[in-house]
Each structure stands twice: as structure tokens, then as C-alpha cells.
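These are my notebook entries on one model. I set down what I looked up, entry by entry.

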Amino acid sequence: MPHNHIIMKYSKAFIHTERTINDKLDATSHKLSIQAGLIQQVSAGLYDFLPLGHKVLSKIESVIREELNAIDCQEISMPIVQPKELWEESGRWNVYGKEMLKFKNRDEREFCFGPTHEEVVIDLVRTKITSYKQFPFTLYQIGRKFRDEMRPKNGLLRGKEFMMKDAYSFHTSNEDLDREYNALRTAYFNIFNRLGLKVIGIPADPGEIGGDGSEEVVAFSKFGEDYFIEENGVATKIEENEVEKYSATHEVYRGIEVGHIFKLGTKYSSAMNFNFVNREGKKEPVIMGCYGIGVSRIVNAILEQNNDEKGIKWPVAVAPYTLSIIPLKYQGSEFEAVALELEKAFEKVGVSTLLDDRDMGMGAKIKDSDLIGVPFKIILGKRFSEAKEFELEFRATGEKKVLVYKGEETVKEILAMI
RNA sequence: CGGGGCGUAGCGUAGUCCGGUUAUCGCGCAUGGUUUGGGACCAUGAGGUCGCAGGUUCGAAUCCUGCCGCCCCGACCA
């Protein structure tokens, strides 16, 4: 029977939490991501995503897709490995730096693991597009990037391999670029809002990627690598060594760069001979924008903003499971039937549920649920056998509600509260 | 790449300064029993190239040399 994995028995789930954590680790988010079994380190800056982490990533990706598709961005997928020739054309093969991991294949041809995809996407589009009539449009992908960071840090916060959403827009005028840039900017704030992240936009230095203007979107966190101040509602990035200077007169904030949008202009199209034919029949370089979101980094940013001493407090939009069902006993007990009944009811309405059927003490099961951050718990205990009473508990607030089980009616009651 | 720290069982650790029986403890795991509302208890058991290589020594987790890996701080990035 096909299974959508909305419903999972804990005993069958590949969920492995840790009671203790390596005391070398620093950032709260890094510790939690390992302790709650979201990720496992393979090597410095390289991580496995375990089922819980992978579910969270997928949910983040879904939110991004929905918001981008809503403004007519179109999803594509490009290869991770890229040939040297494209990078020589843009002039970046010898410029990008040691973060670009280069290698030769069996034919002695040179390639790199893509740290970004401007070259490849231009090569894709320039063969298909010739006329001004075919503009504008925006393509995006969600995939892996590789940057051979000299110092990977804090788990997913700065890995060598990471998940990124990169979008590229194509225009025949600067006005149209401005329009799309603003549309993407708005979409970004919608995305971060839905993900439950507190963020701020900061005008930025376009840096390596080059171009005419750019803005960073930064999620507040004391483990972030960006320092900034705010004045009259405008945030300004400062260097770490300027913190002392400003701290006398301003509040200095720290944050994680979760997004970055750029007006590229014609920098890459000119270099790579990417032109369109205008109304007058003459060639002009295509005007471009590019828009990044650090998808795997967002996991850390959310963790930084949503935790307590018990563990993770996932916003519902990204929680790997929405609900835990925790019976006092399961196999062969009086709780088994009702737990299954609830499970089925929630499956029907698409509420992802983790049924803790393990033969363990109630306390241990509750602690695990809280550590992995499930937003709602249904606790079936003694009072259920006595009076059909159970508890609905809210992870975010710690609030508990005692309810009486009356079948479907009760399921509706729960759905109204979660 | 500079500076600091670390590497002992699946995970977390003691021991290292000052070398000396069979390498410590907790968690987890296995078996049996007792438990069962906020990480239960008892008993028994399995599990180790002490990061790697070389050296000193009667003897090395411990001392010396070299290498590898990991974490944290700085210069760069989503």
C-alpha cells in the first residue's frame, strides 16, 4: 500500500536523538540540529540530512516554490558540475578564488563544482532567446552549491555544500528589471514571514557577483555573521571591527544572511555575448537580475529564533511533524485503538502525525517530542482510561488543554485549535 | 592561511602534567525481571587499532617527532 509518510510510527522512524552533545560545539542551532537528529556531519562543512532535517528542508522549499510560482517564476534544474569554458567566457575562472573547487575528468578536461550558476543559466537561455518579444521572464532552481570554504562553521550556517535557491531574471530595460527586482523582494519577505523568521533588509555591497545594486535579507541571531545598525527604519551593515565605534551611539544587531538580491545589469550578458534583437533590429545585451536564498542555512536561522531549554519549537509551516500522539502504553494496550483512530483521522485531513508507539516511559517520549520540536502533543494517559480525558499541549507556549474524547467531534475540536 | 583548543566503545566523557596490573564513568545497546504521567530500577552481558606513523623505554592513552582530522577566533561568502 502506498504511503505518504504523513503518518509515522516512532518505532519505525529513523529518528535518533542524542541525550548529550559534544561540548566543542558553539551555536545553539548547530547543537540542536545534531541533538534532535536533523543532520549528521560527514566531514567539515558536509552533512547528511536525516529524515527530520530533510522534511524541514522540503517544507522550506515548498514555501519558496509557492511564493515564486505565484509571481510567475519558472523552476528549472541545472547541473552541479560545470565546464571551465563557460567560466573562461565570463572571465571568472581565474578570479573566483579558492572557494571554487576545480578538477579534471578522465579526458583531462577541466570542470568545477558550481559555486553559483550565472554562467550556466546564460548559456542555457542565450540559445533559446533572440527577440525582445520573448522577454521578460525569470527562472529559478533549488539545488546544491559547493564552495570550498576555508572555514566551514556552525553546521548548516556555513557549509561547503549547501542548498540554495537561485533565481535569474531577464529583461530588455532597466525599468523592467526594477519591477521584477521589487516583485522578488516582496516575495522574499512573504517567504520569510511564512517561515516564521524575523528578518530585515539591508542595502549591500554587490561584491564578487557584481552589478548595479543589491540588498541582503538578514535573520536576527546572535550567532549571525552580519553586524548592522538601524536608523530611522533603515538598516546599515557595519564591519565587525566597527562594532565598538557604533555601540556607544547605536544598538548593534547581528544576523544571518538568508537572502540576497542583485541587479546584475549587463555585466554577464556582455561578457558572454548574450544579446537580444530590439525593435529596430539591433543587438543589445540582456539586462539581468539574480536572487539567492540560503535554503539549508534557513534551517539554522529558524532554530536560532525558535528554541528553549527543552529543544526546538518549530513554526507549524516547517515542522517535520505537526502533531505527536503519546500514549502511556501502546502495543496490546487500551490506548492502541484510540491512538490508531486519531492517527487515521489526522491522516485524512493531512495533518502530519508522529505516533509514539515505543515501549518507553511517558516522560522520555514527551522529552523527545519536545526536543525534535513537534508543535502539538496529544497525551493519552491514566485519565483517558478513567474518564476518556486526554491533553492537548502546545509546544510554543507550554499551554495544556484537557479534552474529552468523543470520536470525530473531538478531531474537529483539535483541528480548530492547531 | 595565521592564533587557540581538542581527538579514548554508537554518543558524551575521566585518566595525559608526574609512564607501571585487566583503560574510567554515564547514556545507549542485548537478555531477564520489576516498573509505567514529565529522559524509571535491579541483575547479567556485548562492545576499544586510546586519530595515524615513527621514536624513547624493561614498560606508552600518558614522553618526543612528523602527519591527519575536528571545533572556536580572524581575513571571504547564501
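I take a polar contact as a pair of N or O atoms within 3.5 Å; within protein, one must be able to donate a hydrogen and the other to accept it, and residues adjacent in sequence count only if both atoms are side-chain atoms. By that rule I find a polar contact of 2.5 Å between the side chains of Ser90 and Glu119.

**Entry 1. Conventions.** I work on a predicted model, in which local features need pLDDT of at least 70 and side-chain atom pairs count only at pLDDT 80 or more, while totals for chains, interfaces and linings use all residues. Residues are numbered from 1 along each chain as its sequence is written, chains are lettered from A and ligands numbered from 1 in the order in which they are written, and side-chain values use heavy atoms, with hydrogens and water left out.

**Entry 2. Chain A overall.** I looked up the secondary structure and found 12 helices and 24 strands in chain A. Helices (H or I, at least four residues) and strands (E, at least two) are DSSP runs, numbered from the N terminus. Along the principal axes, the C-alpha atoms fill a box of roughly 85 × 55 × 50 Å. Chain A has 418 residues, and 51% of them count as buried; buried means under 20% relative accessible area, exposed over 50%, and partly exposed in between (1.4 Å probe, protein chains only). With contact meaning heavy atoms within 4.5 Å, I note that 68% of the contacts in chain A between residues at least 6 apart in sequence join residues at least 24 apart.

**Entry 3. Ser90.** I place Ser90 in helix H3 (residues 84-90). Is Ser90 buried or exposed? Ser90 has a relative accessible area of 13%, so it is buried. Besides Glu119, already noted as a polar partner, the side chain of Ser90 has a polar atom 3.2 Å from the backbone oxygen of Trp87. Leaving aside neighbours within four places in sequence, Ser90 is in contact with Glu119, Tyr268, Ala271 and Met272.

Entry 4. Lys160 sits in the loop between strand E8 (137-146) and strand E9 (161-171). I count Lys160 as buried because its relative accessible area is 17%. Its side chain makes a polar contact of 2.7 Å with that of Asp148. Beyond its neighbours within four places in sequence, Phe162 is in contact with Gly143, Arg144, Lys145, Arg147 and Ser296.

**Entry 5. Helix H1.** In helix H1 (residues 28-35), I find Ser29, His30, Leu32, Ser33 and Gln35 buried. Their cover includes E2, strand E3 (46-49), helix H8 (295-305), strand E18 (307-308), strand E19 (311-312) and H10. Gly37, with a positive phi near 75°, follows H1.

**Entry 6. RNA strand B.** A polar side-chain atom of Asp23 lies 2.7 Å from a phosphate oxygen. A polar backbone atom of Glu257 is 2.6 Å from a sugar or linking oxygen. A polar side-chain atom of Glu393 lies 3.1 Å from a base oxygen. Elements that each supply at least two residues of this surface include strand E2 (39-43), strand E14 (253-265) and helix H10 (362-372). The largest share, eight residues, comes from H10.

**Entry 7. Backbone exceptions.** Most residues other than glycine have a negative phi, and most peptide bonds are trans. The peptide bond from Phe135 to Pro136 is cis, with omega near -10°, and Pro136 lies in the loop between helix H4 (118-126) and E8. Asn154 has a positive phi of about 50° and lies in the loop between E8 and E9; Asn154 is buried, at 11% relative accessible area. Asn232 also has a positive phi of about 50°, but is exposed, at 81%.
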